[in-house]
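Dear colleague,

I am passing on a structure that you have not worked with before, and I would be glad if you could look it over. My notes come after it.

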Amino acid sequence: MTTDAAVRATQGERTRAMRLRLMEATVDSLVELGWSGTTTTVVSRRAGVSRGAQLHHFPSKQALVVAAVEHLTDRRRDDMRRHAERLTGDDRIRGVLDILADQFVSPVFFAALELWVAARTDAELRESVAPLERRIGRETHAYALELLGIDETKGDNRQLVQATLDLVRGLGLAASLTDDARRRATVLDSWAAVLEHELEMS
């Protein structure tokens with residue numbers, strides 16, 4: 001690698017690292033301070049990045065927040081895929097439910113929740129958030145099918161997976177106000193028994 005190429009590679013690595021710090025700081029800020037308390041000034045200070053550099057990569061609060069939620073959602077799903085590799089055939093459905101439920105009690109989910117609530121009354125923000133939410137919804141549904149190893153065209157599999165995602169999302173909403181891990185585990189135990197009986201396995 002030539003000196004110029006090495007410099008460009010190093011600059012590229014620094015830029016990627018800075019963008020990642022900004023996105024992680026954005027999610028942390030959304031979780032701790034909410035939508036109204038999350039400003040580009042707060043985020044740049046938390047990330048240790050100059051305001052000018054932050055605005056160069058993310059020219060608005062909306063662009064920064066949407067990019068952060070999208071990127072960290074993707075990274076969170078990669079983490080969960082690694083956890084899924086450790087699942088065994090014994091009680092696999094219950095293990096899958098834990099993996100899915102964890103997605104909805106993570107900081108990324110709570111950050112996204114702040115974003116969705118703000119988008120409800122902000123038409124401009126909603127234009128950016130709605131497509132992202134639809135994409136994440138489709139990908140999460142496909143991911144659940146993959147983890148469970150089922151064909152959604154068989155029997156009631158599609159509806160059961162949709163119901164599962166609605167259930168874990170609701171449990172996540174409840175967890176945003178109080179720690180209900182014990183109740184969540186009981187609910188998931190009961191729902192796992194339903195899926196064991198109702199799903200048509202491939």
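This is a predicted model: local features need pLDDT of at least 70, side-chain atom pairs count only at pLDDT 80 or more; totals for chains, interfaces and linings use all residues.

Residues are numbered from 1 along each chain as its sequence is written, and side-chain values use heavy atoms, with hydrogens and water left out.

The largest pocket has a volume of about 170 Å³. (A pocket is an open set of points on a 1 Å grid over the protein atoms alone, where a 1.4 Å probe fits, with protein on both sides within 12 Å along at least five of seven lines; lining residues have an atom within 4 Å of a point. The volume is the space filled by probe spheres set on the points, which are joined across faces, edges and corners.) Helix 1 (3–37), helix 4 (61–84) and helix 6 (107–120) each give two or more residues to its lining, and helix 4 gives the most, with four; helices here are DSSP runs of H or I, at least four residues, numbered from the N terminus. Among the lining residues are E24, R75 and V108.

Turning to the rings, the structure holds three aromatic pairs, whose ring centres lie within 6.5 Å. In one of them, the centres of F104 and F109 are 5.2 Å apart and the planes stand at 75°, so the pair is edge-to-face (over 60 degrees). Ring pairs link F104, F109, F110 and W116 into a cluster.

With kind regards

Key
Rings of Phe, Tyr and Trp (its six-membered ring) pair if their centres lie within 6.5 Å; planes under 30 degrees apart count as stacked, over 60 as edge-to-face and the rest as tilted.
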